[in-house]
Amino acid sequence: MGKVLVLNASYEPLNITSWRRAVILLLKGKAEQIEHNGRVVYGNMPLPTVIRLRHYVHIPHKEIPLTRRNVLYRDAHRCQYCGCSGEDLTLDHIIPRSRGGGDTWENVVSACVRCNVKKGNRTPREAGMPLLRQPRRPHSTLHFEISKAVGSGTHREWSKYTIGLEGGSEEELPNS
Ligand SMILES: [Zn+2]
């Protein structure tokens, strides 16, 4: 059975839950149905796919840890200099650590061994190796889950509740 996207009272996505839990929230009057798929589960209640809580729930922001695995995932397992995908991707500091570059989402990218060695202790500009795209901090894990469900076609109707899903996977460059 389907999963249900739970929106906060503010219409921001909050989490993904089972249809059973969603139905309980609806029956208890704690949530309202926003979208359903027309199939009836309970009496005359159609199976929800999106519900919205009646009361706002404050959720502290959860940081995604900067790990090799997460960086490779963000970069779709491709070298951010030459675009090759391979088993032996490394992490490259765009501004080298020896020159003050930090361990941040904005300064660490996936790079193949060849590009990493070629770039050495230089910036992309000095090495003449432009990045394929500007790296940035990924969206929340919930955003990942929602984009997977939208991308695979199981819950296309979720896309309108999240920002930046309809234009494909390419991220916008930060303004600052
Ligand atoms: Zn490369």
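Colleague: Why is Arg-114 called partly exposed?

Modeller: Arg-114 has 15 other C-beta atoms within 10 Å. A residue is buried if 20 or more other C-beta atoms lie within 10 Å of its own, exposed if 12 or fewer, and partly exposed in between, with C-beta atoms placed from the backbone. The count of 15 falls in between, so Arg-114 is partly exposed. By the way, this is a predicted model, where local features need pLDDT of at least 70 and side-chain atom pairs count only at pLDDT 80 or more, while totals for chains, interfaces and linings use all residues. Residues are numbered from 1 along each chain as its sequence is written.

Colleague: Where is Arg-114 found?

Modeller: Arg-114 belongs to helix H3, residues 113–119. Helices (H or I, at least four residues) and strands (E, at least two) are DSSP runs, numbered from the N terminus. Cys-82 is 32 residues from Arg-114 in sequence, with 9.4 Å between their C-alpha atoms.

Colleague: What makes Tyr-11 exposed?

Modeller: Tyr-11 has 11 other C-beta atoms within 10 Å, which places it under the "12 or fewer" rule, so it is exposed. Tyr-11 sits in the loop between strand E1 (3–7) and strand E2 (13–18). Its phi is near 75°, a positive value in a residue other than glycine. Most residues other than glycine have a negative phi.

Colleague: How do you know how the radius of gyration of the protein stands against that of a compact globule?

Modeller: The radius is taken over C-alpha atoms, and the globule rule is 2.2 Å times the number of residues to the power 0.38. For 176 residues that rule gives a value near 16 Å, but the protein has 21 Å. The C-alpha atoms fill a box of roughly 65 × 30 × 25 Å along the principal axes.

Colleague: Into which domains is the protein divided?

Modeller: Domain 1 covers 3–60 + 140–172 and domain 2 covers 68–127, with bounds from an automatic or database domain assignment. Their centres, over C-alpha atoms, are 35 Å apart.

Colleague: Where does pLDDT stay under 50?

Modeller: Over residues 166–176; pLDDT is the predictor's confidence in each residue, from 0 to 100. For the protein, the mean is 86, and 90% of residues reach 70 or more.

Note on methods. Contact = placed C-beta atoms within 7 Å.
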